[in-house]
Amino acid sequence: MKNKPFSIRERIKSFSYAFNGLRLFFISEHNGRIHLVAAVVAIALSFYLHLSTFEWIAILSVIAAVLIAEILNTSVEKLADLVSTDIHPKIKIVKDLAAAAVLIAVILALAVGCFIFIPKLF
Ligand SMILES: Nc1ncnc2c1ncn2[C@@H]1O[C@H](COP(=O)(O)OP(=O)(O)OP(=O)(O)O)[C@@H](O)[C@H]1O
């Protein structure tokens, strides 16, 4: 396949599609709103507790990991629903696997949050 010539306009368009995805995630998805609120609370607490640079890096990394996992999970769910609206064992496996990725990211975020915040709060 022949590569298209590089175009700044096309690159900017790609960014606008990505930002549209982010907007859809936070506006139309319940889980997106829950994760947004959790991220805002964690960031506010981090400012309040004057985290070190490395603690900030850890908190921002786990927030990003959860958001990335949830966005991919949402995207897989939408695609799976388009492939088949019927109950199908393969769709179940695909959706459960995508949900497992979110679960791992959330467990990691909770663990990092506990390690960093609990000693500073109590
Ligand atoms: N078409 C299907 N066939 C078989 N199992 C399904 C199907 N759709 C959903 N499931 C099962 O139900 C679970 C929940 O699916 P659903 O699409 O409602 O995800 P959810 O995480 O509840 O979505 P939401 O993002 O709306 O909270 C899946 O993990 C899967 O086990």
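Student: What is the chain doing over residues 32–50, helix or strand?
Tutor: It is 89% helix and 0% strand there. The end C-alpha atoms of that stretch are 27 Å apart. Keep in mind that this is a predicted model.

Student: And which feature does UniProt place there?
Tutor: The record, an unreviewed entry, has "transmembrane region" at residues 32–50, 56–76 and 97–118.

Student: How much helix is there over 56–76?
Tutor: That stretch is 100% helix and 0% strand. Its end C-alpha atoms are 30 Å apart.

Student: Back up a bit. How many helices and strands does the protein chain have?
Tutor: Four helices and zero strands. Along the sequence the pattern reads α-α-α-α.

Student: What span should α2 have?
Tutor: α2 has 19 residues, so at 1.5 Å a residue it should span 27 Å. Its end C-alpha atoms are 27 Å apart, which agrees.

Student: Which residues of α3 are buried?
Tutor: Ile59, Val62, Ile63, Val66, Leu67, Ala69, Glu70, Ile71 and Asn73.

Student: What covers the buried residues of α3?
Tutor: The cover includes α1 (8–28), α2 (30–48) and α4 (89–121).

Student: New topic. Where is His50?
Tutor: His50 is in the loop between α2 and α3. Its phi is positive, about 50°, although it is not a glycine.

Student: Is His50 buried or exposed, and why?
Tutor: Exposed, because it has 9 C-beta neighbours inside 10 Å. The cut-off for exposed is 12 or fewer.

Student: And where is Phe26?
Tutor: Phe26 is in helix α1. It counts as partly exposed, because 14 other C-beta atoms lie within 10 Å.

Student: What is Phe26 in contact with?
Tutor: Leaving aside neighbours within four places in sequence, Phe26 is in contact with Gly32, Arg33 and Leu36.

Student: How are Phe26 and Pro119 separated?
Tutor: Their C-alpha atoms are 32 Å apart, and the two residues are 93 apart along the chain.

Student: Let's talk ligand. Which residues are around it?
Tutor: Asn31, Glu77, Ser84, Ile87, His88, Ile91, Lys92, Lys95, Asp96 and Ala99.

Student: Which helix gives the most to that shell?
Tutor: α4 does, with five residues.

Student: How does the shell split by class?
Tutor: Three nonpolar, three polar and four charged residues.

Student: Last topic, the whole chain. What is its radius of gyration?
Tutor: It is 18 Å, whereas a compact globule of 122 residues would have one near 14 Å. The C-alpha trace spans about 55 × 45 × 25 Å along its principal axes.

Student: What share of the residues is buried?
Tutor: Buried residues make up 12% of the 122.

Student: And what about contacts between residues at least 6 apart in sequence?
Tutor: Of those, 69% join residues at least 24 apart.

How values were computed: Residues are numbered from 1 along each chain as its sequence is written. This is a predicted model: local features need pLDDT of at least 70, side-chain atom pairs count only at pLDDT 80 or more; totals for chains, interfaces and linings use all residues. A residue is buried if 20 or more other C-beta atoms lie within 10 Å of its own, exposed if 12 or fewer, and partly exposed in between; C-beta atoms are placed from the backbone. Helices (H or I, at least four residues) and strands (E, at least two) are DSSP runs, numbered from the N terminus. Two residues are in contact if their C-beta atoms, placed from the backbone, lie within 7 Å. UniProt positions are given in the numbering used here, feature names are shortened, and annotations may be inferred rather than shown by experiment. A residue is near a molecule or strand if its C-beta atom, placed from the backbone, lies within 6 Å of it. Ala, Val, Leu, Ile, Met, Phe, Trp, Tyr, Cys and Pro count as nonpolar, Asp, Glu, Lys and Arg as charged, and the others, Gly among them, as polar. The radius of gyration is taken over C-alpha atoms; the globule rule is 2.2 Å times the number of residues to the power 0.38. The expected span of a helix is 1.5 Å times one less than its number of residues.
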